Amino acid sequence: MSREYALDRYRNIGIIAHIDAGKTTTTERILFYAGKTYRIGSVDDGTTVTDWMVQERERGITIVSAAVSAEWKGYQINLIDTPGHIDFTAEVQRSLRVLDGGVVVFDATQGVEPQSETVWRQADRYKVPRICFINKMDRVGASFEGSIQSIKDRLGANPIAMQLPIGFEAAFKGAVDLVTMKAILFEDELGKEPIVTDIPADLVKEAEEARAKMIEQVAELDDDLIVKYLENEPISEEELKAALRRAVIASKATAVFCGSSLKNKGVQPLIDAVVDYLPSPLDVPAVKGTHAKTGEEIERHPDDDAPASALVFKIVTDPYVGRLAYIRVYSGVVKQGGQLLNPGKDKKERVGRLIRMYADRREDIEEVRAGDIAAILGLKYSFTGDTLSDSDKPIVLESISFPEPVISVAIEPKTAGDQDKMGDALYKLSQEDPTFRVHVDESTGQTVISGMGELHLDVLVDRMLREFRVQANVGRTRVSYRETITRPVEKISYRYVKQSGGRGMYGHVVFDMTPLERGNGVQFENKIVGGTVPKEYIPAI
Ligand code: GDP
């Protein structure tokens, strides 16, 4: 069998957003226009396809990262639904690990919100190239420009506006495409047939200025284009798009689009942008791992002929078919009925069924090839973060790199006037330290800081005093504020080299560590796989 799509025609993407920005609605519309849903679901009546769990429907939040495939103009788009709620940032991380690109959705009336900063920083950490969608352009107070400014100011990003909105708030109609210089209007109720027409006369001048600015921004980032630009040579649409694609993939810029998912406006140009500007599996660096026995460092490229390697990024209990393990295949081919090794657990696994999820159906498939995403039914031992590999060429892929904070306290400045200074200090400290997080508790409005233990937080509070001159009151410690203490949070792999027997052989041992509560603090339990973890490998708390 050969590939249905060439590898450069896959897009593994996630829709990333602050809760309520419209991630679910946007995902739903993408699936609708990409031809696989027969009716538009609605978050408000609880009928969307990516929100799987009843609990989610009740709460209206997405806590499950299901992957759904869609087709758009000869491309396969695998949409990995990432949760937006702060309580589930560990989930966001897990999905970021397997995506090649992201669409970050913002609410046009809010621009960048505190939690968008969190997910943005996580996406930075995983080097996920991004484009932005300024949603809710139909709402009172919506501002495309203001939102772009906040992306620049608050995220320190380099946003490039690719459109100019047409119409304002309730009269929002569509946008000018600054590459083609055509207006795209959405007039029918379902927005199924966008009208491509001339730019309205009153917007021509503004559109020309916006285009000039866009070209300048793109040219500045591209060695080839800048020469042409400076010499006033004509730049073709293809050259412009290719240069922007390079810039987005290199995370030097983010292309920004606008629309209203709810009103079915602007979504198709966004899907075009996913294809045009976000990377294919060929555009991202090879995945890294270590040989499960020798510890040798290995890179795996998205090559069908290489030994199989895949990462389990989500376990979902599907109400109809059972326990599904969503995998991203990095190299080789995973075949239905075949056998794989889970090298971390040293267990053989049989691939019972391979299933591709579409918005409107599940499809049994015979194989999943490098660069693609699907779900396996029938795995017994494998969990989120585990590698599955060829038995003869066992590899453990790089797993999720940072543990989640396990302890939280509320914090406030001793002097009320220091609120901004404290915010600034906390922001800077959290930038430095990925295991230190800050957020505002939605119910109490209090600032809450989270970290790896009391000492960790004490040190940071002390640094705030010494380096930023902010004195703070700290509340009572809450252990494991965001994760239940009794279940394994995620596999934290600690590798060490151990001399085995007298034969001078060196091997790697991978441990699963389960955080568990001990008195006031938190300790990591050192068992599960492969015996006892040497004391020095247990994270200091
Ligand atoms: P999520 O939490 O990011 O997944 O956001 P949802 O898709 O659940 O949307 C949150 C709320 O915003 C819902 O009530 C949606 O109906 C509403 N919403 C989503 N997109 C738009 C939009 O383009 N315009 C308006 N006015 N409301 C929207």
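This is a predicted model: local features need pLDDT of at least 70, side-chain atom pairs count only at pLDDT 80 or more; totals for chains, interfaces and linings use all residues.

Biologist: What makes H4 (residues 114–125) close to the expected span?

Modeller: H4 has 12 residues.

Biologist: Which residues of H4 are buried?

Modeller: They are Gln 115, Ser 116, Val 119, Trp 120, Gln 122 and Ala 123.

Biologist: Why say that the buried residues of H4 line one face?

Modeller: Look down the axis of H4: its buried residues fall within an arc of 160°, so they line one face of the helix. An α-helix has 3.6 residues a turn, so residues three or four places apart point the same way.

Biologist: Where is Glu 113 found, and why is Glu 113 called partly exposed?

Modeller: Glu 113 sits in the loop between strand E4 (101–107) and H4. It has 17 other C-beta atoms within 10 Å. Buried needs 20 or more, and exposed means 12 or fewer. The value of 17 lies in between, so Glu 113 is partly exposed.

Biologist: How far apart are Glu 113 and Ile 148?

Modeller: In sequence, 35 residues; in space, 13 Å from C-alpha to C-alpha.

Biologist: Now the open sheet of three strands. What is its order?

Modeller: The order is E13-E12-E24, with antiparallel pairing.

Biologist: Why do E13 (297–300) and E24 (395–397) count as edges?

Modeller: Each has a single partner strand, so one side of each has no neighbour in the sheet. On average, neighbouring strands here are turned by 40° against each other, direction ignored.

Biologist: How do you know that E12 and E13 pair?

Modeller: Pairing takes at least two bridges. Strand E12 (residues 287–291) is joined to E13 by four, so the two pair. Gly 289 stands opposite Ile 298 in E13.

Biologist: Which residues have the most contacts inside the largest nonpolar core?

Modeller: Val 103, Ala 255, Phe 257, Ile 327 and Val 334, in a core of 105 residues. Leaving out residues up to four places away in sequence, Phe 257 touches several others, including Ile 131, Phe 133, Met 162 and Leu 270. A second, separate core has 16 residues, among them Val 409 and Met 464.

Biologist: And how much of the protein counts as buried?

Modeller: Of its 541 residues, 46%.

Technical notes
Residues are numbered from 1 along each chain as its sequence is written. Axes are lines fitted to C-alpha atoms, for helices over the stretch in contact, and angles run from 0 to 180 degrees between N-to-C directions. A nonpolar core is a set of buried Ala, Val, Leu, Ile, Met, Phe, Trp, Tyr and Cys residues joined through C-beta atoms within 7 Å. Two residues are in contact if their C-beta atoms, placed from the backbone, lie within 7 Å. The expected span of a helix is 1.5 Å times one less than its number of residues. The arc is that of the directions from the helix axis to the C-beta atoms.
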